[in-house]
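Reader: I am new to this structure and would like to know what stands behind the words used for it. Could you take me through them?

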Amino acid sequence: MTEGTTSAAEGGDTLTRLEQEGEIAADYLEGLLDIADLDGDIDMDVEADRASVSIVSDASGRDLQKLVGRDGEVLEALQELTRLAVHRETGDRSRLMLDIAGFRAQKRAELAQLGAQAASEVKATGEPVKLDPMTPFERKVVHDAVAAAGLRSESEGEEPQRFVVVLPA
């Protein structure tokens, strides 16, 4: 067997595993929505080598905001519970991403803009820029935006006060 064939087979296995994670997560979240008596549809996808599950609503989505919470705190907790449900079924650690009512997608766009602005400031001044503390998800989005702008960044500090520093080239 050639290396290309092995890689393709492993890629197929990975995709199948991630799709299985998404299905387990969707079943878990559907049960949660039923218990909470909330309306929502579950969308599953695979993005950047991780399962991605979204809860969306045709209505205003106000009810789903309860599952997001203040600054996404409830969303983060539900994501961890969902990852635990997947782990219980598969025995493997999950990196599944959960979005509810588009909160994480909107946050990603805002953080990408913040990272680009910080990179522009560093390019203009030549001085490092320290950002406010962020969650691991938020830091990852900022790091990606800074890298796309051609600069580098580092995370400093200890959780929950860990923050991004954007550095000159």
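Reader: Which residue forms a salt bridge with Asp144, and how far apart are the closest N and O atoms?

Author: The partner is Lys140, and the closest N and O atoms are 2.8 Å apart. A salt bridge is a side-chain nitrogen of Lys or Arg within 4 Å of a carboxyl oxygen of Asp or Glu, so the pair qualifies. Before we go on: this is a predicted model, in which local features need pLDDT of at least 70 and side-chain atom pairs count only at pLDDT 80 or more, while totals for chains, interfaces and linings use all residues. Residues are numbered from 1 along each chain as its sequence is written, and side-chain values use heavy atoms, with hydrogens and water left out.

Reader: Where do Lys140 and Asp144 lie?

Author: Both lie in helix 5, residues 136-148, four residues apart, which is about one turn of the helix. Helices (H or I, at least four residues) and strands (E, at least two) are DSSP runs, numbered from the N terminus.

Reader: How many helices and strands are there in the chain?

Author: The chain has five helices and six strands. Starting at the N terminus, their order is α-β-β-α-α-β-α-β-α-β-β. The C-alpha trace spans about 55 × 50 × 30 Å along its principal axes.

Reader: What makes Asp144 buried, partly exposed or exposed?

Author: Relative accessible area decides: buried means under 20%, exposed over 50%, and partly exposed in between, using a 1.4 Å probe and protein chains only. Asp144 has 41% relative accessibility, so Asp144 counts as partly exposed. Of the 169 residues of the chain, 33% count as buried.

Reader: Which residues form the negative surface patch?

Author: Among them are Glu19, Glu23, Asp27, Asp41 and Asp58. Patches are made of residues with over 30% relative accessible area and no salt bridge, with like charges joined within 9 Å and nonpolar side chains (Val, Leu, Ile, Met, Phe, Trp, Tyr) within 5 Å. Glu23 is found in helix 1, and helix 1 gives the largest share of the negative patch, five residues.

Reader: Why is Ala48 called exposed?

Author: Ala48 is at 72% relative accessibility, which is over 50%, so Ala48 counts as exposed. Its place is in the loop between strand 1 and strand 2 (50-56). Ala48 also has a positive phi of about 50 degrees, although it is not a glycine. Most residues other than glycine have a negative phi, and most peptide bonds are trans.

Reader: Which loop holds Asp71, and what is its phi?

Author: Asp71 lies in the loop between helix 2 (62-68) and helix 3 (73-90), with a positive phi of about 55 degrees although it is not a glycine. Its relative accessible area is 60%, so Asp71 is exposed.

Reader: What kind of peptide bond joins Glu159 and Pro160?

Author: A cis peptide bond joins them, with omega about 0 degrees. Pro160 sits in the loop between strand 5 (152-156) and strand 6 (163-167).

Reader: Is Gly102 buried, partly exposed or exposed, and what makes it so?

Author: Its relative accessible area is 28%, so Gly102 is partly exposed. Gly102 lies in the loop between strand 3 (97-100) and helix 4 (103-125).

Notes:
Areas by Shrake-Rupley, 256 points an atom, 1.4 Å probe, with all protein chains shown as cover. Lys, Arg positive; Asp, Glu negative; His and termini not counted. Charge placed at Lys NZ, Arg CZ, Asp CG, Glu CD.
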